[in-house]
Amino acid sequence: MSGYDYDDLVRAARAQITEIGVPDLAARLDAPPLLVDVREPHEMATGVLPGAALVPRGALEKGIDHVAPDRDAEVVLYCTVGNRSALATLVLEQMGYTSVSSLAGGIAEWRASGLPVEMPLPGDDTARYARHLVLDEIGPEGQERLGGASVLVVGAGGLGSPAALYLAAAGVGTLTIADPDVVDVSNLQRQILHATSGIGTHKTDSAAAALARLNPGVVVRTRTVRLDASNAEEIAAGHDVVVDGTDSFPARYLLNDTALRLRIPLVHGSVLRFEGQVTVIDPYAGPCYRCVFPEPPPPGVSPSCAEAGVLGAVAGVVGSLQAVEAVKLILGAGEPLAGRLAVYDGLAGDLRVFTTARDPACPACGDPSAPPPLVDYDETCRPVRP
Amino acid sequence: MTATVRIPTILRPAVGGDAEVEAAGSTVGEALRAVGDAHPPFASLVFERDGSLKRYLAVFVDGRDARHLRGLDTPVGPGAEILVLPAASGGAG
Ligand SMILES: [Zn+2]
């Protein structure tokens, strides 16, 4: 039999690299070398060496530059017993690190020797966001931007659920969830923020609980009201991005006009059956929703989701795309879907992106000096006269 | 010249259920009218009485919004793809 197994690789690595013993490292705790924990985030949660940087093995090659930009710095890698860190040490040597060693016996022997470990601080989200921190487009700076950002998600339904979950998981600092409804059993097929135990409770409360379970570091604000012309501006004001997860044309056109008035970017998403649409409205810079769809369809043409149905996972795709766009807007990364409409056809397995354009005669955004008035619309989006 | 007109689900009943219809025409308007001639319910969904495009529809020609090209007069080349797309309201609320 040829080839090597894990034990062979570890043995070969340990024969090649430098190891440091627990007593030797403990003797240097006053002025320790740079300690790097290469375990998985869930392993780090039970304690790490004092002052250690947290760079899981899977993210090592990309992540090490952030914590040890100087290749001549003294670096000590550790894991549970010293096997993974031996393999990782070999990798860093290949990358040109000149003074890297592996802690023999790992944190297990460290603990067994009665030496101190520390809990990763609640505010230290290095492990939580490890897979973001190694991305060039995010990194520590981008993660901080996400933490300082606030996003309004209108509708805690089929689109708002995945969008809010991913934004909370991503560490967006403040999420406002606006929804007037209570959780119904028929929602649970697609509205993954809510659970069977939440039936009958306000969707905002159910959402806040789910988001806190996922990421207690996120501040969740709730607005248990239906968006209308009288409150839309006040609810949306102060947010960096608005995510449209509403389920009616009146709400969508109202949100479009609100975003224009406040000049807040709006991430539009909609679904029907197996199809969905996503676009970003960048007020007065790209087309608004009315530039693309000046009017809603007549009632006979456009059935509601209740009549037409929707595959839950299609709402998941579209809401997740909205979360991607919101994160991009916060980071200023990539190309937002502004001036473009993504159309997803789940049955065909097809995602196409169409170019849209501003309408110079658009009644909503044609004249930047005259933002559209906010009015309540009926289902055909004619203004409701009192 | 033959273009392919792609029909989203909610408009498919108007063309007998097809997802794509081949249509002859040298402009978007001609191609859509050809579909409407073959399927009269489609014509009433797409065209106003005066022959203009209904305002709830976006029409994309080879990926670009025809309303901001030359509208129904936008020329279509051989093998062009036309998508007729209404706004969708569903947020799966
Ligand atoms: Zn506009």
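## Basis

This is a predicted model, in which local features need pLDDT of at least 70, side-chain atom pairs count only at pLDDT 80 or more, and totals for chains, interfaces and linings use all residues. Residues are numbered from 1 along each chain as its sequence is written, chains are lettered from A and ligands numbered from 1 in the order in which they are written, and side-chain values use heavy atoms, with hydrogens and water left out.

## Interface of chains A and B

On chain B, 28 residues are in contact with 46 residues of chain A. Contact means heavy atoms within 4.5 Å. The two chains bury about 2900 Å² between them, and 57% of it lies on carbon and sulfur atoms. Buried area is the accessible area (1.4 Å probe) that two parts lose on being put together, summed over both.

The interface holds 4 salt bridges. A salt bridge here is a side-chain nitrogen of Lys or Arg within 4 Å of a carboxyl oxygen of Asp or Glu. B:Arg12 and A:Asp345 meet in a salt bridge through their side chains, at 4.0 Å from N to O. Three strands of chain B, β3 (57-61), β4 (64-65) and β5 (81-86), each supply at least two residues of the side that touches chain A. β5(B) gives the largest share, 4 residues. By class, that side of chain B has 14 nonpolar, 7 polar and 7 charged residues. Ala, Val, Leu, Ile, Met, Phe, Trp, Tyr, Cys and Pro count as nonpolar, Asp, Glu, Lys and Arg as charged, and the others, Gly among them, as polar.

## Domains and sheet of chain A

Chain A is assigned domain 1 (3-124) and domain 2 (139-355). These bounds come from an automatic or database domain assignment. Taken over C-alpha atoms, the domain centres are 42 Å apart.

Chain A has an open sheet of 5 strands, in the order β1-β5-β4-β2-β3, with parallel pairing. Its edge strands, β1 (18-20) and β3 (53-54), each pair on one side only. Helices (H or I, at least four residues) and strands (E, at least two) are DSSP runs, numbered from the N terminus. Strands pair if DSSP finds at least two bridges between them. β1(A) pairs with β5 (residues 99-103) of chain A over 3 bridges, in the parallel sense. A:Ile20 stands opposite A:Leu103 in β5(A).

## Salt bridges

Over all chains, the count is 20 salt bridges. One of chain A joins the side chains of A:Arg11 and A:Asp8 at 3.3 Å, N to O. A:Arg11 and A:Asp8 are separated by about one helical turn, because they are 3 residues apart in helix α1 (residues 6-16) of chain A.
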